[in-house]
Amino acid sequence: MEATQRPSLLPWTPLIVAAFASYGPVGWNYGFALYFLNYNHGFVKRGFVGELFSPFAFLTRSQLLLTEYLFLAAAFLLCYAVFRPILFRNRETAMIAVLLLSAPAALPHIGYLFAQPDVTLFLLLLLCLWMLFTMPPIAATCTTIPLCILALCTHEAYSLMFYPLVVAILLEQCRTRRLPWIAAIAHVAIIGAAFVAILHFGKLKISPDIILQEALARTNVAIQRQVYDVMASSFAEQRALVLRLYTPGIWRLLALTLCIAAPYFFLLGKLLRRSMRAAIMPSWQQAITSLLFFSPLLLCYLGHDFTRWIGAACIDASLFILFLAQTNAVVCNALTQWAASENTTAWLAYLIAAGPMGATGIRSAEIFFTAWSGR
């Protein structure tokens, strides 16, 4: 008679860590503004979430916070639903999943950012993964197209933040002959065309002042005008704004963040290489996949929230490793062998101590910098 496996708290570690990180910087929340950007004055990029909430005449701070916690809870729960087979299989597979999901750029990161649009984009990405796990490849390829378009309508940065993960999975399915190449090419072409159309037709058609006045009339929270100004800015004006935001203090925080996170980057790179080699990926595919996961860093040119883009790159790599581990027994065995031979408890302690990687840096870097500078 087989012994019953005792319940363990280990698989729940990412959720617990993320919950402690999820208070978020809510005092002056950038994401609040997107709840009041809708299609009342014509189609506009980033207006999808606001359109969903347009029937509500007034949204209080408490209602907005509750909404954001509900979005966040949905993202956490869906993450567990998608990766349940590897999280609850055995201790070794659980440790691999826990290391990746407890890392600074994973569930704690999403919890810390807390707000629209990042949580929504992550939620839509997880829905795509769920379809890629549970549906035949052709069906999943077709059904993920509208989800990716909705994500682009939520925020066009999805194209570089999280869509690279979908492309990497489609590439792997084509390489293993589970999906015709033409299907993957069509997917990328349709999403690319949608991206161009959203940018072209989604320009703000009225003054940001009007949008701001309408937003302030519908809530009792502070709304950042900067969100609407960006919607009305030209490419050159956005670049000028970003250059002003890259202050010496930001550069110092970035340097400290990178130093604290260096072991994490090493660990993630090591696990990604081990996974791709175990999957017997040719060198060309390993190179393309790595480049795909670096693509969120291109957003540093258009946005000063550098650790959001670093976080997106690491999330893509982490979820791809989990995807391979859950769909490829050889990859799973290679990772469990590594987990059995490494001091994974020490790695987990470091990842939790490092803190979530938010839009202004790893929390630990912020604390150290504030303590050192006295401000």
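Predicted model: local features only at pLDDT ≥ 70, side-chain atom pairs only at ≥ 80, totals over all residues.
A nonpolar core is a set of buried Ala, Val, Leu, Ile, Met, Phe, Trp, Tyr and Cys residues joined through side-chain atoms within 4.5 Å.

**Core**

The largest nonpolar core holds 129 residues. Phe 83, Tyr 158, Tyr 228, Leu 319 and Phe 320 touch the most other members. Helix H17, residues 306–327, gives the most to this core, with 14 residues. In soluble globular proteins, nonpolar side chains tend to be buried together.

Take Phe 83. Neighbours within four places in sequence aside, Phe 83 is in contact with Leu 126, Leu 129 and Phe 133, among others. The list also includes Leu 319, Leu 322, Phe 323 and Gln 326.

**Pockets**

| Pocket | Volume | Lining residues by class |
|---|---|---|
| Largest pocket | about 1,100 Å³ | 23 nonpolar, 12 polar, 7 charged |
| Second largest pocket | about 330 Å³ | 11 nonpolar, 2 polar, 1 charged |

The largest pocket is lined by 42 residues. Tyr 30, Arg 46, His 155, Arg 308 and Trp 309 lie nearest its centre. Six helices each supply at least two residues of this lining: H6 (107–113), H9 (158–161), H11 (181–201), H13 (225–232), H14 (235–245) and H17. Helix H14 gives the most, with 5 residues.

The second largest pocket has a volume of about 330 Å³. Its lining counts 14 residues, and those closest to the centre are Phe 265, Leu 268, Phe 294, Ala 313 and Cys 314. Helices H15 (248–278), H16 (283–294) and H17 each give two or more residues to this lining. The largest share, 6 residues, comes from H15.

**Thr 67**

Thr 67 sits in helix H3, which spans residues 61–82. Is Thr 67 buried or exposed? Its relative accessibility is 13%. Buried means under 20%, so Thr 67 counts as buried. The side chain of Thr 67 reaches the backbone oxygen of Gln 63 at 2.8 Å. Neighbours within four places in sequence aside, Thr 67 is in contact with Tyr 35 and Phe 53.

Terms used:
Residues numbered from 1 in each chain as written. Heavy atoms only, no water. Helix = DSSP H or I, 4+ residues; strand = E, 2+ residues; numbered from the N terminus. Buried < 20%, exposed > 50% of the residue type's maximum accessible area, 1.4 Å probe, protein only. Polar contact = N/O pair within 3.5 Å; in protein donor to acceptor, adjacent residues only side chain to side chain. Contact = heavy atoms within 4.5 Å. 1 Å grid on protein atoms, 1.4 Å probe; cavity = no way out; pocket = protein on both sides within 12 Å on 5 of 7 lines; lining within 4 Å. Points joined across faces, edges and corners; volume = space filled by probe spheres on them. Nonpolar A, V, L, I, M, F, W, Y, C, P; charged D, E, K, R; others polar.
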